[in-house]
Amino acid sequence: MPPRVDGVLFRATIGCRGLTVEKVGQFYSSTVVPASDKNESDQTQCVLQLNSYSVCPDTDRAMGLAPHTDTSLVTLLNQCNINGIQVYQDGARWVVVEPVEGALVVIVGDLMQIVSNGRFKSVLHRSVVNNTCHRVSTTFFLGPWSDAEVSLLRKLVDSAHPPLYQPVTGEGYVQLKYTVFNKALESICV
Ligand SMILES: O=C(O)CCC(=O)C(=O)O
Ligand SMILES: [Fe+2]
């Protein structure tokens, strides 16, 4: 990758990391059991992904990204001012997320649903293609270390809100996603 692009991506990653760790990392870190050989306070790791959706003449017969929930704790999405992402609302319809100049879309991921004992729901979403423009988007995923154990925040558990999920490691949950995909959350229900 050319050094200039590399530098821009690096700065974007550091910026997103700062934003999410400040808002979410501390909340999450109070629930995580670090792997025994590590004792740093920040238990998170991140991935920056570039998505490219070519112009598609027949949008009814192609999908940019199939319906899924993100594995992350939280995802930041930059749509670059062209819409494409849709969220599944009320188990009934797909709703377009219109881009807002200068704003990022915040997507709650599966691991946040686990940590929050179901208070924050991970959202089913997909990306559609466009018959006039080539769309590029950037997604930043914040997740746990692969060997850290993720479990729910104890103060969100009481007699009215019993624990919903078994603890998992970051890597264990990624493997579950590979095998049972959108049924991963229900497969770790208590
Ligand atoms: O490109 C988009 O609009 C969404 C991308 C996405 O959902 C993902 O990368 O997980
Ligand atoms: Fe996604």
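Visitor: Which residues coordinate the iron ion (ligand 2)?

Guide: Ideal angles at a metal are 109.5 degrees when four donors are tetrahedral, and 90 or 180 degrees when six are octahedral. In this predicted model, the iron ion (ligand 2) is held by NE2 of His68, OD of Asp70 and NE2 of His125, at 2.1 to 2.2 Å. Water is not among the atoms, so the site may look incomplete.

Visitor: What spacing do the donors of the iron ion (ligand 2) follow along the chain?

Guide: The spacing reads H-x1-D-x54-H. His68 belongs to strand 2 and His125 to strand 7, so this pair ties together parts 57 residues apart in sequence.

Visitor: Is His68 buried or exposed?

Guide: The cut-off for buried is under 20% relative accessible area. His68 has 13% relative accessibility and therefore counts as buried. His125, at 4%, also counts as buried.

Visitor: In what order do the strands of the open sheet run?

Guide: The general idea is that strands of a sheet pair through backbone hydrogen bonds, in either a parallel or an antiparallel way. Here 4 strands make an open sheet in the order 2-7-4-5, with antiparallel pairing. Strand 2 and strand 5 (93–96) are at the edges with a single partner strand each, so one side of each has no neighbour in the sheet. From one strand to the next, the twist averages 25 degrees.

Visitor: How many bridges join strand 4 to strand 5?

Guide: Strand 4 (residues 85–89) and strand 5 run antiparallel and are joined by 4 bridges. Gln89 stands opposite Arg93 in strand 5.

Visitor: Which residues lie nearest the centre of the largest pocket?

Guide: They are Gln49, Asp70, Thr71, Ser72 and Phe141, out of 34 lining residues. Asp70 is also one of the residues that coordinate the iron ion (ligand 2). The largest pocket holds about 750 Å³ of space.

Visitor: Which element supplies the largest share of the lining of the largest pocket?

Guide: Strand 8 does, with 7 residues. Among the elements that supply at least two residues each are strand 1 (44–53), strand 2 (65–68), strand 7 (125–127) and helix 3 (170–180). By class, this lining has 16 nonpolar, 14 polar and 4 charged residues.

Visitor: How much space lies in the second largest pocket?

Guide: About 150 Å³. Of its 14 lining residues, Asn78, Gln79, Val100, Gly102 and Ala103 are the closest to its centre. The lining of the second largest pocket divides into 8 nonpolar, 4 polar and 2 charged residues.

Technical notes: Residues are numbered from 1 along each chain as its sequence is written. Chains are lettered from A and ligands numbered from 1 in the order in which they are written. This is a predicted model: local features need pLDDT of at least 70, side-chain atom pairs count only at pLDDT 80 or more; totals for chains, interfaces and linings use all residues. Side-chain values use heavy atoms; hydrogens and water are left out. On a 1 Å grid over the protein atoms alone, a cavity is a set of points where a 1.4 Å probe fits but cannot get out, and a pocket is an open set with protein on both sides within 12 Å along at least five of seven lines; lining residues have an atom within 4 Å of a point. Grid points are joined across faces, edges and corners, and a volume is the space filled by probe spheres set on the points. Ala, Val, Leu, Ile, Met, Phe, Trp, Tyr, Cys and Pro count as nonpolar, Asp, Glu, Lys and Arg as charged, and the others, Gly among them, as polar. Two strands pair if DSSP finds at least two bridges between them. Axes are lines fitted to C-alpha atoms, for helices over the stretch in contact, and angles run from 0 to 180 degrees between N-to-C directions. Donors are N, O and S atoms within 2.8 Å of the metal (3.2 Å for Na, K and Ca); water is not among the atoms, so sites may look incomplete. Buried means under 20% relative accessible area, exposed over 50%, partly exposed in between (1.4 Å probe, protein chains only).
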